[in-house]
Amino acid sequence: MKEFRNLTALIIEPQPGMRGNFHNMLTLCEIKKIDHAVSSGTAIRQLQARSFDIILCEYDLGDGQDGQQFLEDVRHNKLISLSTIFFMVTAERAYEKVVSAAELAPTDYILKPFTTDTLMERITRAVEKRAVFEKVHRLMERGDSDQAIVACIEGETKEPRYLADFIRLRAELYISVGSPQLAEPLYVMLCEMRTVAWARLGLAKTLFMQEKFAESEALLVSLVAENSQFMDAYDWLAKAHEANGNLSSAQAVLQSAVDISPHALRRLRKLGEVALEGGDVGTAEKAFQQVVTKARYSEFRDPEDHVRLIRTLVHKGDTSQAATLIRDLEKSSSGTGKGKACHAISAAMLFKQTGDDKRAGEELTKAVEACRENVGLSTDMKMMLAKNCLDHNMDSSASEVMVDVMNNASNGAAMAKAMSVFEQSGRADLAESASRESRRIVVDLVSSGAEKARQGDYVGAVAAMMEAVKKLPENPQVVFNAAVAILKYLDHLGWDERLGEQAKVLIDTARRLDSANPRLSSLVGLHHKIMKKYGMVVVGSIPAAKAEGASGPAVHTSTA
């Protein structure tokens with residue numbers, strides 16, 4: 001078919017004979033631009049270099065990672081676009097297992113053996129559907145959630161055969177921008193249209209995000225009971241148990257899920273964290289060991305996994321195995337700033353356990369210095385570092401790290417968790433001083449931009465606030481006021497396409513970080529007013545959430 005001739009395809013198949021068969025079939029489908037990969041690793045390197053319209057991936061890759069894990073990796077790390085057509089090829093005997101345990105579904109499954117006609121039919125169907133969703137996907141990848149939602153509403157009317165797909169996508173968009181109360185009735189509608197598990201799961205997510213934990217938990221319990229292989233339901237049920245303070249139930253749910261689908265690294269990691277917090281060191285060690293072992297086959301290894309396992313080993317007193325892992329960490333990740341920071345945190349824990357306080361202090365100092373370079377440590381890892389600094393009486397270092405964490409606390413719960421690091425060590429005084437310092441930094445950054453705007457220096461205001469966003473990308477007050485600075489620039493100095501796009505992204509981020517902020521509606525209103533001023537069509541928006549008060553500390557700044 002002529003419309004297939006410009007399509008590009010990537011075949012991921014370890015067996016040369018099967019690769020040849022797939023290649024010939026694609027050629028008969030008039031697809032000529034075909035590349036091959038013999039493993040998940042070589043496929044990832046090719047995807048990092050270029051994009052493909054179609055990926056034909058064997059489920060059994062035989063290199064320590066299956067096709068489902070590969071799909072989760074490339075989606076999670078954004079190596080394939082929303083419009084990429086991903087076919088999972090699997091033997092019939094494995095199909096039920098693959099489908100039921102899938103976290104993320106591919107475009108379609110193709111059972112072996114299959115014919116060229118079957119492949120042609122699947123490609124035709126997928127290309128047609130891709131064309132229907134092209135506008136929505138383009139808007140989503142551009143970060144324009146408001147217009148993507150409007151495009152979904154239009155699609156629901158124009159393309160009734162894909163009604164459920166458009167409604168589902170719209171609900172997911174509402175969730176992504178922090179408006180679960182708008183997604184909830186959509187999932188209720190989907191449940192009424194056809195009782196499918198993913199619609200009920202979506203409803204449970206919206207209930208959870210609105211802190212209706214009891215309702216969410218009840219729905220999730222029924223989902224797991226009806227479909228013992230619905231992995232996403234297990235994950236959210238564990239979250240619900242954890243939110244209710246029931247760590248033992250959360251651990252039991254995660255363990256059941258791991259027993260069914262043992263290869264998902266994020267779930268194994270979570271099982272280890274919950275088990276360690278609940279005092280089950282044996283389960284934590286086993287889970288973290290599996291994460292480290294399985295991650296060896298992934299192109300997206302994270303040195304923090306080594307730290308979590310080393311922490312568990314140190315906790316149980318196995319210093320010999322901990323030392324071996326630290327050497328392994330040094331070999332595998334010493335070339336990155338994050339790797340060096342993780343090595344220093346791990347070494348400090350080991351030296352502390354063996355009584356070498358001097359060397360422990362030296363390693364902690366190295367880790368704190370690495371944090372200043374923004375090497376990408378997670379919030380949990382920074383809190384672990386701060387706790388170790390407190391245990392070593394390095395109060396100023398602990399405060400420095402935790403001020404950085406507090407600066408990017410997106411809501412009150414995140415701030416409370418950060419302060420608990422000090423409080424659990426009996427240092428409530430440090431918690432208060434760090435909180436005050438974090439507030440001062442945020443106020444100073446925001447005030448600098450606001451003052452420039454008041455003086456008419458709109459260029460300087462934008463520069464100051466975008467620099468602030470670089471430093472504190474998850475701080476809701478900083479992000480909100482950066483959006484205000486850009487909108488004032490556009491209002492007074494004229495339209496700028498690049499800044500217009502940045503404003504959309506910042507408004508979406510502000511909504512995601514603090515959907516209860518009562519000033520969001522005025523910010524969106526100012527944005528629409530400016531778009532209309534320059535002759536742009538405003539066809540819809542997401543209403544701001546209505547809630548009592550905004551999460552996070554209040555900061556008096558410029559207003560929209």
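**Reading a predicted fold**

Mentor: Lys-78 is exposed, with a relative accessible area of 71%. The cut-offs for these words are as follows: buried means under 20% relative accessible area, exposed over 50%, and partly exposed in between (1.4 Å probe, protein chains only). Before we go on, this is a predicted model: local features need pLDDT of at least 70, side-chain atom pairs count only at pLDDT 80 or more, and totals for chains, interfaces and linings use all residues. Residues are numbered from 1 along each chain as its sequence is written, and side-chain values use heavy atoms, with hydrogens and water left out.

Trainee: Where is Lys-78 placed?
Mentor: Lys-78 is in the loop between helix 3 and strand 4. Helices (H or I, at least four residues) and strands (E, at least two) are DSSP runs, numbered from the N terminus. Now look at the backbone angle. Most residues other than glycine have a negative phi, and most peptide bonds are trans. Lys-78 has a positive phi, near 55°.

Trainee: What about Asn-393 and its phi?
Mentor: Asn-393 isn't a glycine either, and its phi is positive, about 60°. Asn-393 is in the loop between helix 19 (379–391) and helix 20 (395–407), and at 67% relative accessibility it counts as exposed.

Trainee: And which peptide bond is cis?
Mentor: The one from Lys-112 to Pro-113, with omega near -5°. Pro-113 is in the loop between strand 5 and helix 5.

Trainee: How do I read a sheet, and in what order do the strands come here?
Mentor: Start with pairing: two strands pair if DSSP finds at least two bridges between them. Here 5 strands form an open sheet in the order 2-1-3-4-5, with parallel pairing. Strand 2 (33–37) and strand 5 (108–112) are at the edges with a single partner strand each, so one side of each has no neighbour in the sheet. From one strand to the next, the twist averages 20°.

Trainee: How many bridges join strand 1 to strand 2?
Mentor: There are 5, and the two strands run parallel. Leu-10 stands opposite Asp-35 in strand 2. Strand 1 (residues 8–12) also pairs with strand 3 (residues 54–58), in the parallel sense over 4 bridges, and Ala-9 has Ile-54 in strand 3 as its bridge partner.

Trainee: Are the residues of strand 1 buried or exposed?
Mentor: In a regular strand the side chains alternate between the two faces of the sheet. In strand 1, Thr-8, Leu-10 and Ile-12 are on one side and Ala-9 and Ile-11 on the other, and all are buried.

Trainee: Which strands does helix 3 lie across?
Mentor: Helix 3 (residues 67–76) lies across strand 1, strand 3, strand 4 (85–91) and strand 5, at about 165° to strand 4. Helix 5 (residues 116–141) lies across strand 3, strand 4 and strand 5, at about 150° to strand 4. For such angles, axes are lines fitted to C-alpha atoms, for helices over the stretch in contact, and angles run from 0 to 180 degrees between N-to-C directions. Contact means heavy atoms within 4.5 Å.

Trainee: What do the buried residues of helix 9 pack against?
Mentor: They pack against helix 7 (163–176), helix 8 (180–193), helix 10 (213–226) and helix 11 (231–243). Among the buried residues of helix 9 are Leu-201, Leu-207 and Phe-208.

Trainee: Which residues touch the most other members of the largest nonpolar core?
Mentor: A nonpolar core is a set of buried Ala, Val, Leu, Ile, Met, Phe, Trp, Tyr and Cys residues joined through side-chain atoms within 4.5 Å. The largest has 52 residues, and Ile-345, Leu-385, Met-402 and Phe-422 touch the most other members. A second, separate core of 50 residues includes Phe-166, Tyr-174, Phe-208 and Trp-236.

Trainee: Where is confidence lowest and where is it highest?
Mentor: pLDDT is the predictor's confidence in each residue, from 0 to 100. The chain has a mean of 88, and 92% of its residues reach 70 or more. Confidence is lowest in helix 4 (residues 92–100), at a mean of 57, and highest in strand 1, at 97. Over residues 540–560 pLDDT stays under 50. Where pLDDT is low, the predicted coordinates should not be read in detail.
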